[in-house]
Amino acid sequence: MVNDKGKASLFPLRLWLFSSAFFVIASLCVLFGYIFIQGGRELSLSFLTNTPQGFPLGVEGGIWPAIVGSFWFTTIACAFGSFLALPTAIFLAFYAKTTWIVSLCHFLIHSMAGIPSIILGLFGYTFFVVTLGFGVSLLSGGLILGIMIFPFIEVRVEKTLLEFPNNITQASISLGITKTWTLFHLILPGCMDDIAKTIALGGSFAMGATAPILFTGAVLFAPSPRSVFSPAMALSNHLYILVGQGISISKAYGTALVLIVLLLILNVVPLVINMCRKER
Amino acid sequence: MKKELIFVWACKALTLLAVSFLFFIFLFIAKESFMFFQKTPLLHFLTGSRWNPMADPPAFGLLPMIFATVYVSLLATAIALPIGVGMAIILSVLAPPKIQWLLLPLIDLMAGIPSVVYGFAGLMIIVKFFETHFSWSSGESVLAGGILLAIMILPYVVSTCYESMIKVLHHYERASRALSVSKWHMMRYLVIPTAKKAIFAALILSLSRAMGETMAVMMVIGNSPIFPHLFRKAETIPALIALEMGGAVVGSLHYQALFAAGLILMLVLFTFNSFFFFIRKHIDEGIKW
């Protein structure tokens, strides 16, 4: 009897659990399937290597300048983001002595992570574009993307550093070796894979963002950028323009597919490298 | 020794620089907003129901946008929370390790898809569905925005809940096995009750994510500054900023009004995030026993 009762009351629970799993998996499949199938039709070598053409611009031709632009935005973002994040993570993990400073910094970094991307765009526009006079350029957009991915990189790198086996650090310090030497010769080489993976993930995050570069770096059309002070195209912004202004839905599918494939590469390559190293 | 000192000080300086960006951002947004509030009282800004920066005199009422932002986010959270919690329970308790190994990266990947791609897919799938199957004036609606946002915040809900559930499970695994407690029993009497805090944290996190989301919502919600209705167009605060910023002259009242809207959004999200931060800390310390 008890068993029966138990089974009867399990039914709604089961229904809820399995239908939610179904929903999550279904939306994943629909999302990827749709973009891969529709975008696959559009994909060709000329789409990848040509500049946008036709009237309005983007109806024909390809997305090469947007790929190059996205690459540079991402590179600057990763460089600036890690330039801030790595020392911060090292400081918080190894050198900060007072706990309240660490907690305060964690809280501030967490708050930075919660700033919506459009506010970052607004800040980038007033600070980098107008106040510092960088103009709408690769640099302004890249820097603001760097600020956006800073918390993401910092939190993960700090975690990696803290998870590094304690006995190695302790042994090294008890031999009278300085903390900095230990850090550069033992800890950082040991964590390099994970740090690189984190930066790549941060880069994928920056590459997909649109709102921060909407007024700071990305434009409707520009040739492949020549210097950091020239504005550039970006895949995410290009996709938004193609859809938002109803220029070409088929080109939009192609652009979305290219963007997702690039992000997948950024996500998967570090994993593969990791696996190869471990097998060796 | 000298090199060591230089390195430590460089780290300190860069940490300071990094965290001071938060203050920079806040200061810059606040500075422009205060210039706006000198001309338009805060109360008028918050309770005015008309937004028309081009009219003479211009009207800056943010209330419809505030309502729309809250409405869409609540709707999205209401959809995403039960589904996400369900998925997290399945993943942590029932799924064999192989399936977990397969699904967890996929769910992470879902969080990594850019919002503009979500917006595009939402426009092509959800909005189109509404337009072909219902006789609404347009498929772009609060409902479309809510459903799309729900899918976007799902990965956050799943991973927040999953992390804390897996901790609980590991903690009780031996005792439960020894007593041969069934998985379903563990789920009902251990996992779900102890996950309450995590679910609450997920709720706060997803609300704050949803409120700050720009591109995806902007692309499917229709963007007209009117009071929101489930089946009609609306405009959220981030969308308002993203759409009008390009057209506002630097230093004009309109420009400052957009900063003021940004400041309000930022303050609300800051409150939410601090809340999330402390709940999370509470959970982390509570689980350790």
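Predicted model: local features only at pLDDT ≥ 70, side-chain atom pairs only at ≥ 80, totals over all residues.
1. For chain B as a whole the mean pLDDT is 89, and 99% of its residues reach 70 or more.

2. Regarding the assembly, the predictor assigns the complex an ipTM of 0.89 together with a pTM of 0.91.

3. The largest nonpolar core comprises 191 residues. Those touching the most other members are A:Phe123, A:Ile147, A:Leu161 and B:Phe45. Helix H6 (residues 142–178) of chain B supplies the largest share of this core, with 17 residues. Another core, of 7 residues, lies apart from it and includes B:Ala198, B:Leu205, B:Phe276 and B:Ile283.

4. In an unreviewed entry, UniProt places the feature "domain: ABC transmembrane type-1" at residues 67–270 of chain A. In the model this span is 76% helix and 0% strand, and its end C-alpha atoms lie 21 Å apart.

5. UniProt, again in an unreviewed entry, lists "transmembrane region" for residues 15–37, 71–95, 107–128, 134–155, 199–221 and 253–273 of chain A. Residues 71–95 of chain A are modelled as 100% helix and 0% strand, with the end C-alpha atoms 34 Å apart. Residues 253–273 of chain A are likewise 100% helix and 0% strand, and there the end C-alpha atoms are 30 Å apart.

How values were computed: Residues numbered from 1 in each chain as written. Chains lettered and ligands numbered in written order. Heavy atoms only, no water. UniProt positions renumbered as here; feature names shortened; annotations may be inferred. Helix = DSSP H or I, 4+ residues; strand = E, 2+ residues; numbered from the N terminus. pLDDT = per-residue confidence, 0-100. Core = buried A, V, L, I, M, F, W, Y, C linked by side-chain atoms within 4.5 Å. Buried < 20%, exposed > 50% of the residue type's maximum accessible area, 1.4 Å probe, protein only.
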